[in-house]
Amino acid sequence: MALRGWRPAAAALAAGWPRGGGPGGPSAPGTGPGPEPGAPGGAVTAALYVHWPYCRKHCSYCSFNKYVVPAVDEAAVRACLVREAQTLLRLGGVQSVTSVFFGGGTPSLASPHTIAAVLEAAAEAAHLPAGAEVTLEANPSSASPARLAGFRAAGVNRLSVGVQSLDAAELRLLGREHTVDEARAAVEAARGLFPGRTSIDLLFGLPGQSREAWARSLEAALGLCDNHLALYQLTLERGTALEARVRRGALPAPPQDLLADMYHAARAVLAAAGFRQYEVSNFARKGALSTHNLSYWRAEQYVGVGPGAHGRFVPWGEGSQQREARVQTPDPDAWMREVQNHGHGTRRRVALSPLEQLEELLALGLRTDEGVTQQRWGRFSPQLPLRAVFGGPGEAMALQQQGWLLLDGWGLRCTPEGLAVLDSLLPGLLCQLQRMAGIGGRGTEDAGGQGPGAHGGQGMEAAGGQDTEAAGGQRQEAAVEQGTEPRGGQGAEAWGQSLEPTEGQSLGLRGDKGRRLMEDKAGGWQGTKPRGGQSLKAAGAQSPEAD
């Protein structure tokens, strides 16, 4: 099998962590991994998300697309993941895979053989560069040193450990399978095998959690972690055991002021420890940003493989020139039947209009400290510049005057204060975008969403929400309910409800004219899931990486 540059073990690790080169050095906005995928005239590129849907138990807070079954036919699942990855990468005309993320579920329950097979399939269908970031989410209870060494030999070079808490009582409340000692041992083993490339997830805002308890957890995490931390505000999702207990009054709901205090305290503590908050929920030092999650926040193309996975790419192989939002069938057994019969299990596909693509670019880009750059905006909207949309009188100017937002030659981004309350800023900015796109009309139409994975000149009236049948004529009548996500993983499509994006996150735009922002994890997002502040007082993020 020709792997075209793919080096699965130590050789890839030796390539080192990708460093950015934005203005002002590694801590300035714009620092990130290399050139943008899909640049005009360049190769067609995409990130790859792979969803492993199985867990050993149901955590009390988790609403992601996951399944607890007596036994898993791993050989059958592996064959379907391989086939779907190759089908969709070829359908998207992908010439180079920029990063790979194995999310779940609990992907550390998969065998290293399965991980290696998927990576080989990606390398065969498209180029997978040596040293490309390959992340696996791991639960401490399935992350023994021997198992982690097997994943490294298979080609994984970055690990995201779902610690969630370093307090025994909190772990029991969350229904986690591991103990504090197991979490510590897993992180220490991961740091030994993936030095500089180990991330840990922590949850805050648990029912009954105090400021002091959160401060202790954060201090313990700083003594244990490597160079990347993801902090997620717990969201009480309908249908989960924890939400039911709070709704019945058996547990207290955390006050919004307390959540805001916890989030702001964490930002201050991490900044003092040398961490850069490069996204609402994600913190890194020494350049250890997540390449894969940045691809979501930069609105780049990504292919979602596995039950319930989400994707955003242009299906060039079908003759299309327009980016689509795709969701794979969530139930693993049904998904496998569709892959075996049709080569892929796409259950829902929607062509994204140029305006919808700009909405996603804005809502996701503002989650990061680099914001939406002039260059990136221009790739999606060459005829309607960023300053033409947000530089005149309106919501954006008012937010700049109030100190929440910055618009300059670099682009549009939140101030540190604005980043903490992003969910409160977005509705007005999205309304201004819609208004100005209507005025500029033709400029946005001509743009055709030409950017990473969106080409062609369909106007805003076209393709807005055409629901196309997929996977052998099957069609999903309603958005797949997989929790909410975009999270390093994926989740259900959301129209006008709070959205969640990557290492598990949510954008919290409730109702605003049925706006579909990006969701990704199977039952959440891909790779991450943030919740950007619920009000001008409370902010944070949400959801863990591995359940």
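User: So a helix here is a DSSP run (H or I) of at least four residues, numbered from the N terminus. Which residues does helix H8 cover?
Analyst: H8 spans residues 241–247, and keep in mind that this is a predicted model. Glu243 and Arg247 sit four residues apart in H8, so about one helical turn separates them.

User: Nice, and what do the side chains of Glu243 and Arg247 form?
Analyst: They meet in a salt bridge, 2.9 Å from N to O. Glu243 also forms a salt bridge with Arg238, where the closest N and O atoms are 3.3 Å apart.

User: Is Glu243 buried or exposed?
Analyst: Glu243 is buried, because its relative accessibility is 8% and the cut-off for buried is under 20%. Arg238 is exposed at 62%, and Arg247 is exposed at 51%.

User: How many salt bridges does the count come to?
Analyst: The count is 16. One of them joins Asp408 and Arg413 at 3.0 Å, N to O; Asp408 is partly exposed at 26%, while Arg413 is buried at 12%. Through shared partners, salt bridges also link Glu318, Glu324, Arg326 and Arg349 into one network.

User: Switching to packing: at what angle do H2 and H11 pack?
Analyst: About 55°, with the axes of H2 (residues 74–91) and H11 (residues 332–342) 10 Å apart, so the two helices are oblique to each other. Their crossing is left-handed. Residues in the contact include Cys80 and Leu81 of H2 and Trp335 and Met336 of H11. By class, that contact has seven nonpolar, three polar and two charged residues.

User: And which hand is the crossing of H4 and H6?
Analyst: H4 passes H6 in a right-handed crossing. Among the contact residues are Leu148 and Arg152 of H4 and Ala186 and Leu193 of H6.

Definitions and conventions: Residues numbered from 1 in each chain as written. Predicted model: local features only at pLDDT ≥ 70, side-chain atom pairs only at ≥ 80, totals over all residues. Heavy atoms only, no water. Left-handed = near helix turned anticlockwise from the far one by under 90°. Contact = heavy atoms within 4.5 Å. Axes fitted to C-alpha atoms, helices over the stretch in contact; angles between N-to-C directions. Parallel < 35°, antiparallel > 145°, perpendicular 65-115°, else oblique. Nonpolar A, V, L, I, M, F, W, Y, C, P; charged D, E, K, R; others polar. Salt bridge = Lys/Arg side-chain N within 4 Å of Asp/Glu carboxyl O. Buried < 20%, exposed > 50% of the residue type's maximum accessible area, 1.4 Å probe, protein only.
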